[in-house]
Amino acid sequence: MDPLTTLAPRMLTGAMVILAACALATLFRTFIGPRMSDRIVGVNMIGTQAVCLIVCLVLRLREDWLMDIAIVYAMFSFLAVAVLTKMDIGVYRQWRIDQEKSRRRHQETREAYKKAHADRRHRRSKS
Amino acid sequence: MTIHWIRFILGTICLLFGLFFLVSAVIGNFRFKFALNRMHSAALGDTLGILGVILGICFYHGLNVTTVKLLIVVALVWITSPVASHLIMLMEMTVGRSTAESGGEQSDEQGFERGTVEMRRRALADIKKEEEEK
């Protein structure tokens, strides 16, 4: 018997089941990850596991054109990680700018109230 | 037929090697606490895991155009994975809420932004505190 036609598809099916379980576990980890960077690490790992799954499907289904899909999927997974990180850095910078602005406005209000309070006390002590 | 058995055994060894690294990457992702530690296990799956799986598929498939494309996928992932790790590290260092002393908690400092009433109340409280200190 030829092992490449009888045993290899079973091996591939088992490998795909293990990969799917890994992807589900990583999805759960991505869901409960406390912060943005944990989630992006999880997305990166899910991309790798999906590429492995597609590559297993190439031989399991004997469809060679799925290979091109795996290449494109690897590229897009990297692009997704790059865009998500850049977006989060931009959001954080905007948050810092807003925080600095509001702190400065608080400082100005505080100075103005201090001045008004001092004037009132001065007038009161005069009269 | 013998060459088929050799190819099958070599491919199975490579496939199990890659699956071991992918599963250990998932276990590491669950057991590590911070994102900078998790990047380590994710990089393990990105390099050795995908190399093992794709080498196993290559042994199963034989020499073909598809095999060359499979190796192109390995090269692509090996080029892009360090760049992705670098970007995640850059984000982690810029956002900077992942250090051990903060414990992953986000500091709640944006209490300033609650309208002018809150600002007036805080300013008056500050002035009163300063006067009491005098």
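Me: How many residue pairs are in polar contact across the interface of chain B and chain A?

Reply: This is a predicted model, and with both residues required to be at pLDDT 80 or more, the rule finds nine residue pairs in polar contact across the interface of chain B and chain A. On the side of chain B that touches chain A, helices α1, α2 (35-61), α3 (65-95) and α4 (115-133) of chain B each supply at least two residues, and α3(B) gives the largest share, with 17 residues.

Me: Which side chains meet in a salt bridge, with what distance from N to O?

Reply: The rule finds three salt bridges across the interface of chain B and chain A, and one of the salt bridges in the model joins the side chains of Asp38(A) and Arg38(B), at 2.9 Å from N to O.

Me: What is the area buried between chain B and chain A, and what part of it do carbon and sulfur atoms give?

Reply: About 6000 Å² is buried between the two chains, and carbon and sulfur atoms give 73% of that area; in terms of contacts, 61 residues of chain B touch 60 residues of chain A.

Me: Which residues form a nonpolar patch on the surface, and why can Ile9(B) count towards it?

Reply: The patch is formed by Met1(A) together with Met1(B), Trp5(B), Ile9(B) and Ile13(B), with about 560 Å² of accessible area together. A residue of a patch needs over 30% relative accessible area, and Ile9(B), which is found in helix α1 (residues 2-31) of chain B, can count because it is partly exposed, with a relative accessible area of 45%.

Methods
Residues are numbered from 1 along each chain as its sequence is written. Chains are lettered from A and ligands numbered from 1 in the order in which they are written. This is a predicted model: local features need pLDDT of at least 70, side-chain atom pairs count only at pLDDT 80 or more; totals for chains, interfaces and linings use all residues. Side-chain values use heavy atoms; hydrogens and water are left out. Patches are made of residues with over 30% relative accessible area and no salt bridge: like charges are joined within 9 Å, nonpolar side chains (Val, Leu, Ile, Met, Phe, Trp, Tyr) within 5 Å. Accessible areas come from the Shrake-Rupley method with a 1.4 Å probe; for residues, only the protein chains shown count as cover. A salt bridge is a side-chain nitrogen of Lys or Arg within 4 Å of a carboxyl oxygen of Asp or Glu. Helices (H or I, at least four residues) and strands (E, at least two) are DSSP runs, numbered from the N terminus. Buried means under 20% relative accessible area, exposed over 50%, partly exposed in between (1.4 Å probe, protein chains only). Contact means heavy atoms within 4.5 Å. Buried area is the accessible area (1.4 Å probe) that two parts lose on being put together, summed over both. A polar contact is a pair of N or O atoms within 3.5 Å; within protein, one must be able to donate a hydrogen and the other to accept it, and residues adjacent in sequence count only if both atoms are side-chain atoms.
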